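Here is my note on the side-chain contacts, with the model open next to it.

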Amino acid sequence: MKKYYCLVAGLPEIHIDDNKQNFDLKEFKDELRANLSEDDFELIKLFYRKFDNLNLIAYLKDAEAKLDDRGNLAGDDLAGILQMVKEEENPKDERIPVYFKEFIPAWLEEKPLFPDMAWEDQLATLYYDDALNSRNEFVSSWFAFNLNVQNILTAINCRNYDLDLGPAIVGNSEIANTIRESNSKDFGLAAIFPYLDDVLHIAEEANLYERERRIDALRWKWLEENSFFKYFTVEKVFAYLLQLEMIERWVKLSQETGLKIFRDFVQELQHSFEFPEEFKLNK
């Protein structure tokens, strides 16, 4: 296992309540590209692929759409990928995330991969299925944990608003399927998800701003606990990246913005399963 002594030792100390950024996510990706091995940087690209997902949806809707520059793929890359997928059954270009090859034809043919699920959530499902199979145990465990937290909170919201939760749950994991099939108060998860009580207590928080802070606090705690003994490794770098993302988000998000998100969220719940960006499964 490759060690990154200088890189990790040189990272500024960060805390969840920091009100300024040491790096933005794009700058940090460039820093990591220059310092990590090719194989380890592939793990970092897996994190940034969520921005590729957003950009792919935007590009498929409008080739002139403004794209998020934090993604791994630029507009020209997406144009080339789209053309290759149209012309070849299984294009070999290494830039193409494997699940793009499944999603793009489904979109073009207007044949949903998961009936009754928003296209964004279909792509998120494929993304998480891919991430959960990561060769790195820490990375795959993180994606599983984050997905489980988001799915439980989504299920609670669906129950509160008397909506069918089946199409709103992302992924095909044991916990995702248990949530879809269970009618019990705890969704049948008490024996298989150790953080269930934490998530249920967070869901009781009426103030959306505070609830989001508590969700990130739980994520931060998980990262600290699970990366503690992984000194100078890519896992420590990956955890730092995720924590950096949380800080970046909160620096940009005021309490007033949080209240607006809540109003928009309620409105979206009443009209569709396509959740506002802040509640997408790509945090």
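1. A quick word on terms: a residue is called buried when its relative accessible area is under 20%, exposed when that area is over 50%, and partly exposed in between. Please also keep in mind that this is a predicted model. With that cut-off, Phe138 and Trp222 are both buried.

2. Let us stay with these two rings. Phe138 and Trp222 make a tilted aromatic pair, with 5.7 Å between the centres and 40 degrees between the planes. Phe138 belongs to helix α7 (residues 137–160) and Trp222 to helix α10 (residues 208–227), so this contact ties together parts that are 84 residues apart in sequence.

3. Helix α7 takes part in a second pair of this kind. The ring centres of Phe143 and Phe238 are 6.5 Å apart and the planes meet at 55 degrees, so this pair is tilted. Phe143 is in helix α7 while Phe238 is in helix α11 (residues 234–252), so the parts tied together here lie 95 residues apart in sequence. Phe143 has a relative accessibility of 4%, and therefore counts as buried. Phe238 is buried as well, with a relative accessible area of 2%.

4. Now look at the nonpolar core. The largest one has 81 residues, and Phe143 and Phe238 are among those with the most contacts inside it, as are Phe28, Ile44, Phe100, Ile179 and Phe193. Helix α7 supplies the largest share of this core, with 12 residues.

5. The charged end of Lys29 sits over the ring of Tyr48, at 5.0 Å from the ring centre. Arg213 lies over the face of Trp250, 4.6 Å from the centre of that ring.

6. On to the salt bridges, of which the whole structure has 14. The one between Glu245 and Lys50 has an N to O distance of 2.3 Å. Glu245 is in helix α11 and Lys50 in helix α3 (residues 38–61), so far as the chain goes a link between distant parts, 195 residues apart.

7. Asp68 and Arg70 form another salt bridge, with their closest N and O atoms 2.7 Å apart. Asp68 is partly exposed, at a relative accessible area of 21%, and Arg70 counts as partly exposed at 22%. Salt bridges also join Asp68 and Arg70 with Glu248 and Lys252 in a network.

8. Last, please look at Glu109 and Lys111. Their salt bridge has its closest N and O atoms 4.0 Å apart. Lys111 is exposed, with a relative accessible area of 53%.

Conventions. Residues are numbered from 1 along each chain as its sequence is written. This is a predicted model: local features need pLDDT of at least 70, side-chain atom pairs count only at pLDDT 80 or more; totals for chains, interfaces and linings use all residues. Side-chain values use heavy atoms; hydrogens and water are left out. Rings of Phe, Tyr and Trp (its six-membered ring) pair if their centres lie within 6.5 Å; planes under 30 degrees apart count as stacked, over 60 as edge-to-face and the rest as tilted. Helices (H or I, at least four residues) and strands (E, at least two) are DSSP runs, numbered from the N terminus. Buried means under 20% relative accessible area, exposed over 50%, partly exposed in between (1.4 Å probe, protein chains only). A charge sits over a ring if NZ of Lys or CZ of Arg is within 6 Å of the ring centre and within 35 degrees of the ring normal. A salt bridge is a side-chain nitrogen of Lys or Arg within 4 Å of a carboxyl oxygen of Asp or Glu. A nonpolar core is a set of buried Ala, Val, Leu, Ile, Met, Phe, Trp, Tyr and Cys residues joined through side-chain atoms within 4.5 Å.
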